[in-house]
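Visitor: Could you take me through one part of this structure up close? I am new to this, so please go step by step and link what you show me to the rest of the chain.

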Amino acid sequence: MAVPVVDPERYESQLDAKRERITAQFARFSPPPLEVFPSPSSHYRQRCEFRIWHDGDDLFYAMFEVDPADPKRKAVIRLDEYPVAGERINALMPALRDALLASDTLRRKLFQVEFLTTLNGEALVTLIYHRQLDEAWEQEARALQESLNVSIIGRARKQRLVLERDHVWERLNVEGREFVYQQVENSFTQPNAAICRSMLGWARDVTRESRDGDLVEFYCGNGNFTIALAENFRRVVATEISRTSVASANVNLEANGVANAVVARMSAEEFSEALAGEKSGRRVAALALDEHDFTTALVDPPRAGLDAHSCEQLKAYSRIVYISCNPNTLEANLEQLSATHVVTRFALFDQFPYTDHCECGVLLERREAPVRA
């Protein structure tokens, strides 16, 4: 994987290239004009991880770049700053490195550092080691935590030492509303906070006239969309398989005063079976699915997209909001969904500038008559 070269002067041209590529790739679905949401042209990532490269008495942050001619060969790229990362991370990088250089205890067998930050400056730093951590490490790490004004976690094999807390609180202003999110270390969160705000605003806009129906959400994570969309619907039922994410989603529902949404810990496949009456049990009964009128489904699947069975089940909903991190699997899924639904909104979110990666949002609405194969 190449390390992105941040060049604000060419940001617009790289975004135009993505616009043209996505427009051409999805032209056969006859979508409306593509809505494009740009990222800040630098310092846009709120979380990053770096290898720590030891070179004699020196150490530095490093990433690896694969040689296209020989994938087995990787070049070590030294990073004294990282314009991809947010300002808070860039300010912490040299300060943390200096502290590590000054402490044999903190630097010994350290091989990776992870930063998790927020727009308002909260920071969590995870130090990962190839050795067990002891009281001497904890004492110095606590002093470092205070001097840097961060929270620190130490990790080693079968060891996780949380010195203060394992999360930060992100605050996102969307359409004049502030939403707060607990973001837990080593759990998925949207890395580009500015683009996350754009995604939430777009999703709120495309579901604005929905108060008479209910929303079912698959792959809800820590409740990122759940919380922002709840006021657009009568009720929301969201699902997520990760235990940590479900716990965080419930914390976030309470923190935002959302009373009309519940999060169920089950896979999308299990939940689809419950909706179809093919699965029962205590967890399913507690959801009272028979009392809901699910008019809209929101899916935010992993890069693999949705399988054919899941796509078939989505056809039961009048509207589908599909957030995709992989245009190729989105394209394959739209091939199936377009038999019954038409694309009425289409968006490109530039989550990862200066890379080939594209994040898309699609609103599909049921056709009056299905298209015959």
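Guide: Happy to! Let's begin at Lys315, which touches Gln336, Leu337, Ala339, Thr340, His341 and Arg366, leaving out residues up to four places away in sequence. Keep in mind as we go that this is a predicted model. Lys315 sits in the loop between helix H10 (308-314) and strand S15 (319-324). Is this lysine buried or exposed? Lys315 counts as buried, because its relative accessibility is 15% and the cut-off for buried is under 20%.

Lys315 also has a charged partner. A salt bridge joins Lys315 to Glu312, with 3.3 Å between the closest N and O atoms. Glu312 is partly exposed, at a relative accessible area of 44%, whereas Lys315 is buried. For a sense of scale, look across to Glu178: the C-alpha atoms of Lys315 and Glu178 are separated by 33 Å, and the two residues are 137 places apart along the chain.

Now for the other salt bridges. How many does the structure hold? There are 22 salt bridges. One of them pairs Arg28 with Glu331, and here the closest N and O atoms are 2.8 Å apart. Arg28 belongs to the loop between helix H1 (11-25) and strand S1 (35-37), while Glu331 is in helix H11 (residues 327-337), so this pair ties together parts that lie 303 residues apart in sequence.

Next, find Arg204 and Glu175, whose side chains meet in a salt bridge with an N to O distance of 2.7 Å. This pair, too, links distant parts of the chain, with Arg204 in helix H5 and Glu175 in the loop between strand S9 (167-174) and strand S10 (177-184), 29 residues apart. Arg204 is buried, with a relative accessible area of 4%, but Glu175 is partly exposed at 41%. Both residues belong to a network of salt bridges that also takes in Glu35, Arg177, Asp205, Arg208, Glu231 and Arg345.

From the end of helix H5 we can move on to Asp212, in the loop between helix H5 (193-206) and strand S11 (214-218). Asp212 is exposed, because its relative accessible area is 74% and exposed means over 50%. Asp212 and Asp293 are 81 residues apart along the chain, yet their C-alpha atoms are separated by 8.6 Å.

Which residues is Thr296 in contact with, once neighbours within four places in sequence are left aside? They are Asp214, Leu215, Val216, Phe233, Tyr317, Arg319 and Val321. Thr296 counts as buried, since its relative accessibility is 0%.

For a contrast, let's visit some loops. Arg157 is placed in the loop between S7 and strand S8 (159-162), and it counts as exposed at 68% relative accessibility. Arg157 and Ile128 are 29 residues apart in sequence, with 9.0 Å between their C-alpha atoms.

Asn149 is not a glycine, yet it has a positive phi of about 55 degrees. Asn149 is in the loop between helix H4 (135-148) and strand S7 (151-156), and it is exposed, with a relative accessible area of 62%. Tyr354 also has a positive phi, near 65 degrees, and is likewise a residue other than glycine. Tyr354 lies in the loop between strand S16 (341-349) and strand S17 (359-366), but this tyrosine counts as buried, at 10% relative accessibility.

Arg243, Arg265, Arg282 and Arg283 form a positive surface patch. One of these, Arg265, is found in strand S13 (residues 261-265) and counts as partly exposed at 32% relative accessibility.

To return to where we started, Lys315 is a buried residue in a loop, with Glu312 as a salt-bridge partner and contacts that include Gln336 and Arg366.

Key
Residues numbered from 1 in each chain as written. Predicted model: local features only at pLDDT ≥ 70, side-chain atom pairs only at ≥ 80, totals over all residues. Heavy atoms only, no water. Buried < 20%, exposed > 50% of the residue type's maximum accessible area, 1.4 Å probe, protein only. Contact = heavy atoms within 4.5 Å. Patch = residues over 30% accessible without salt bridge, like charges linked within 9 Å, V, L, I, M, F, W, Y side chains within 5 Å. Areas by Shrake-Rupley, 256 points an atom, 1.4 Å probe, with all protein chains shown as cover. Salt bridge = Lys/Arg side-chain N within 4 Å of Asp/Glu carboxyl O. Lys, Arg positive; Asp, Glu negative; His and termini not counted. Charge placed at Lys NZ, Arg CZ, Asp CG, Glu CD. Helix = DSSP H or I, 4+ residues; strand = E, 2+ residues; numbered from the N terminus.
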